[in-house]
Amino acid sequence: MTASDPATGASGTTPAAGDPAATFFAAVGGEPTFRRLVDEFYAGVADDPLLRPMYPEADLGPAAERLTLFLMQYWGGPGTYSQQRGHPRLRMRHAPYRIGAAERDAWLRHMRRAVDRLQLHPELAGLLWDYLERAAYFMVNEMEPTQPPGRDLSAG
């Protein structure tokens with residue numbers, strides 16, 4: 001059970017010949033686990049002054065459903081996300097929103113809390129967290145300006 005490309009949603013979680021229990025999706029408890037993960041995550045987002053404005057819908061329910069379907073599909077569950085929305089194209093879908101280090105870190109903080117609340121076996125929690133962390137870093141589309149040490153760029 002491995003994860004792969006956060007951009008395409010291409011998963012490395014292929015079951016052994018005819019053994020659906022070999023998917024990460026099944027190993028963590030299937031749909032109920034992913035619904036709990038996403039519900040916990042969005043409970044934090046709902047009150048986050050940095051992240052909440054990024055969701056244009058008054059109700060976070062549709063965003064939560066999209067994330068749930070995506071994660072279930074990615075980890076070897078039903079392909080409902082692609083049936084409803086097509087290819088994930090995560091960077092393209094997030095391009096309209098400014099995602100810098102602060103937004104990434106806020107997203108990760110809420111997701112870390114959600115993963116921890118699942119109380120998964122440490123190996124499974126580690127696989128899930130590794131993917132989520134890589135995906136969060138991959139979504140950053142606004143680089144913070146940096147200044148070389150000891151150099152004042154405002155001086156002519």
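Me: Leaving aside neighbours within four places in sequence, with which residues is valine 45 in contact?

Reply: This is a predicted model, in which local features need pLDDT of at least 70 and side-chain atom pairs count only at pLDDT 80 or more, while totals for chains, interfaces and linings use all residues. Residues are numbered from 1 along each chain as its sequence is written, and side-chain values use heavy atoms, with hydrogens and water left out. Contact means heavy atoms within 4.5 Å. With neighbours within four places set aside, valine 45 is in contact with Leu51, Arg52, Tyr55, Leu60 and His110.

Me: Why is valine 45 called buried?

Reply: Buried means under 20% relative accessible area, exposed over 50%, and partly exposed in between, with a 1.4 Å probe and protein chains only. Valine 45 has a relative accessible area of 0%, and is therefore buried. This residue lies in helix H2. From valine 45 to methionine 111 the C-alpha distance is 9.3 Å, although 66 residues separate them in sequence.

Me: What makes leucine 51 a buried residue?

Reply: Leucine 51 has a relative accessible area of 4%, so it is buried. Its place is the loop between H2 and H3.

Me: How many helices and strands does the protein chain have, and what makes a run count as one?

Reply: Helices (H or I, at least four residues) and strands (E, at least two) are DSSP runs, numbered from the N terminus. By that rule the protein chain has 7 helices and 0 strands.

Me: Which residues have the most contacts inside the largest nonpolar core, and what makes it a core?

Reply: A nonpolar core is a set of buried Ala, Val, Leu, Ile, Met, Phe, Trp, Tyr and Cys residues joined through side-chain atoms within 4.5 Å. The largest such set here has 42 residues, and Tyr42, Leu71 and Met111 have the most contacts inside it. Two or more residues come from each of helix H1 (24–27), helix H2 (31–45), helix H3 (61–74), helix H6 (101–118) and helix H7 (122–139). H7 gives the most, with 9 residues. Tyrosine 42 is in contact with Tyr55, Leu60, Ala63, Ala64 and Leu67, leaving aside its neighbours within four places in sequence.

Me: Why are the buried residues of H7 said to lie on the same side?

Reply: The buried residues of H7 are Leu124, Ala125, Leu128, Trp129, Tyr131, Leu132, Ala135, Ala136 and Met139. Because they cover an arc of only 165° around the axis, they lie on the same side of H7. The arc is that of the directions from the helix axis to the C-beta atoms. The face turned away from this buried side carries the exposed residues Pro122 and Glu123.

Me: What makes the span of H7 close to the expected one?

Reply: The expected span of a helix is 1.5 Å times one less than its number of residues. H7 has 18 residues and reaches 25 Å from its first C-alpha to its last, close to the expected 26 Å.
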